[in-house]
Amino acid sequence: MALQGPIPVTFEMVFPHGCYIVGEVEPVKDFDASTNGRFVQARDKQAGELVWQVSVMDADPTLKAAQKTVAVKILSPMQPVPPAPMPGLPFTPVEFDQMTVTPYVNGNGRLAYSIRVREMRAPRPVGKSSSAKDAA
């Protein structure tokens with residue numbers, strides 16, 4: 001099969017209704033290299049970059065409460081900085097670039113996806129996406 005490893009996707013494919021940061025950006029622990037009292041941060045096996053994680057809430061109104069919060073892993077040499085909060089909103093909207101998903105079977109025997117990205121940023125204003133520029 002030609003399709004192996006992480007599958008490239010767009011932000012709009014994964015979060016068509018957008019998403020919001022609901023946690024801190026934290027380093028991901030390398031459980032194999034870490035020992036009692038010694039934390040080792042995980043590195044992406046293919047890119048070699050440090051792995052960070054942030055929890056986001058999917059804004060899809062059809063999702064059940066238990067499905068709304070997902071972890072997004074960010075590959076970056078330094079800790080990514082979330083976008084600035086927007087006045088009047090309880091959560092900070094965010095978008096991601098250079099996304100991939102990797103399907104796996106979770107501990108409950110259900111299909112799940114690991115989401116990895118390269119960049120985290122504030123949402124683009126409506127009508128300012130690169131696809132709108134390409135169509136012009």
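## Pockets, core and aromatic cluster

Strand E8 gives the most to the lining of the largest pocket, with 5 residues. The structure described here is a predicted model. This largest pocket has a volume of about 750 Å³, and of the 24 residues that line the pocket, those closest to its centre are Gln67, Val70, Leu111, Ala112 and Tyr113. At least two lining residues come from each of H1, E4, helix H2 (65-68), E5, E7 and E8.

The second largest pocket has 16 lining residues, of which Ala42, Arg43, Lys45, Lys73 and Arg116 are the closest to its centre. The two linings are set out by residue class below.

The largest nonpolar core has 19 residues, and Phe15, Val54, Val56, Val72, Phe96 and Met99 are the ones that touch the most other members. Strands E2 (19-21), E4 (51-58), E5 (69-75), E6, E7 (99-105) and E8 (111-117) each supply at least two residues of this core, and the largest share, 3 residues, comes from E4. Phenylalanine 15 touches Val56, Asp58, Val70, Val72, Met99 and Ile115, when residues up to four places away in sequence are not counted.

A search of the whole structure finds 2 aromatic pairs. In one of them, phenylalanine 11 and phenylalanine 15 form a tilted pair, with 5.6 Å centre to centre and 40° between the planes. In the other, phenylalanine 11 and phenylalanine 96 are likewise tilted, at 6.4 Å centre to centre and with 50° between the planes. This second pair links distant parts of the chain, since phenylalanine 11 lies in helix H1 (residues 11-14) and phenylalanine 96 in strand E6 (residues 92-97), 85 residues apart. Through these ring pairs, Phe11, Phe15 and Phe96 are linked into a cluster.

Note on methods: Residues numbered from 1 in each chain as written. Predicted model: local features only at pLDDT ≥ 70, side-chain atom pairs only at ≥ 80, totals over all residues. Heavy atoms only, no water. Phe/Tyr/Trp six-rings, centres within 6.5 Å; stacked < 30°, edge-to-face > 60°. Helix = DSSP H or I, 4+ residues; strand = E, 2+ residues; numbered from the N terminus. Core = buried A, V, L, I, M, F, W, Y, C linked by side-chain atoms within 4.5 Å. Buried < 20%, exposed > 50% of the residue type's maximum accessible area, 1.4 Å probe, protein only. Contact = heavy atoms within 4.5 Å. 1 Å grid on protein atoms, 1.4 Å probe; cavity = no way out; pocket = protein on both sides within 12 Å on 5 of 7 lines; lining within 4 Å. Points joined across faces, edges and corners; volume = space filled by probe spheres on them.
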